[in-house]
Amino acid sequence: MPAGACSITLRGKVPEFFYKGDNLNGKRHGHGIARFPEGRTYVGDWKADRMHGYGTIRFPSGNTYTGEFANDMKHGQGTFVFPEGSWY
């Protein structure tokens, strides 16, 4: 699959996985949004199918992290915000 925009929905499990955004050689790469089966949502940068760069992840609990990611992990500068508004 060449570079460009794509939309992927994996069905058969409830809830399902969803991704819409850039891809390179069939992998998430560039900017995109993903909704994971357990309820997390990530909007941000991807590299070689992993959250990598700057983005925001929202958890089902209402917690939100906005900042840097490397290889699917929070890495570097970022802010974690709790539903009641406190942050670190």
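The legends below describe close-up views of a predicted model.

Residues are numbered from 1 along each chain as its sequence is written. In this predicted model, local features need pLDDT of at least 70, side-chain atom pairs count only at pLDDT 80 or more, totals for chains, interfaces and linings use all residues, and side-chain values use heavy atoms, with hydrogens and water left out.

**View 1**
Along the sequence the pattern reads β-β-β-β-β-β-β. Helices (H or I, at least four residues) and strands (E, at least two) are DSSP runs, numbered from the N terminus. Of the 88 residues in the protein, 26% are buried. Buried means under 20% relative accessible area, exposed means over 50%, and partly exposed lies in between (1.4 Å probe, protein chains only). The accessible surface comes to about 5700 Å², and carbon and sulfur atoms hold 56% of it. These areas come from the Shrake-Rupley method with a 1.4 Å probe; for residues, only the protein chains shown count as cover. Among contacts between residues at least 6 apart in sequence, 2% join residues at least 24 apart. Contact means heavy atoms within 4.5 Å.

**View 2. The largest nonpolar core has 11 residues.**
They are F17, Y19, A34, F36, Y42, W46, M51, I57, Y65, F69 and F80. A nonpolar core is a set of buried Ala, Val, Leu, Ile, Met, Phe, Trp, Tyr and Cys residues joined through side-chain atoms within 4.5 Å.

**View 3. Y19, Y42, W46, Y65 and F69 form one aromatic cluster.**
A search of the whole structure finds nine aromatic pairs. The Y65 and F69 pair is edge-to-face, because its ring centres are 5.2 Å apart and its planes stand at 85°. Rings of Phe, Tyr and Trp (its six-membered ring) pair if their centres lie within 6.5 Å; planes under 30 degrees apart count as stacked, over 60 as edge-to-face and the rest as tilted. Y65 is buried, at 6% relative accessibility. F69 is also buried, with a relative accessible area of 5%. Setting aside neighbours within four places in sequence, F69 contacts Y42, M51, H52, G53, G55, T56, I57, K74 and H75.

**View 4. Two arginines, R28 and R40, lie over aromatic rings.**
R28 belongs to strand 3 (residues 27-35). Its relative accessible area is 15%, so R28 counts as buried. R28 lies over the face of Y19, 6.0 Å from the ring centre. Not counting residues up to four places away in sequence, R28 touches F17, Y19, D22, N23, F36, W46, K47, A48, D49 and R50. The charged end of R40 sits over the ring of F36, 4.2 Å from its centre. A charge sits over a ring if NZ of Lys or CZ of Arg is within 6 Å of the ring centre and within 35 degrees of the ring normal.

**View 5. Strand 2 and strand 3 form a hairpin with two residues between the strands.**
The two strands pair antiparallel over six bridges. Strands pair if DSSP finds at least two bridges between them. L24 has K27 of strand 3 as its bridge partner. In this hairpin, N25 takes a positive phi near 55°.

**View 6. Strand 6 and strand 7 form a hairpin with two residues between the strands.**
Six bridges join these antiparallel strands. A70 has M73 of strand 7 as its bridge partner. N71 lies in the loop between strand 6 and strand 7. N71 is not a glycine, yet its phi is positive, about 50°. N71 is partly exposed, at 47% relative accessibility.

**View 7. D49 lies in the loop between strand 4 and strand 5.**
D49 has a positive phi of about 75° although it is not a glycine. At 29% relative accessibility, D49 is partly exposed. D49 is also one of the residues that R28 touches.

**View 8. V81 lies in strand 7 (residues 73-81).**
V81 is partly exposed, with a relative accessible area of 30%. Its contacts, leaving aside neighbours within four places in sequence, are G62, N63, T64, S86 and W87. V81 and T66 are 15 residues apart along the chain, and their C-alpha atoms are separated by 8.4 Å.
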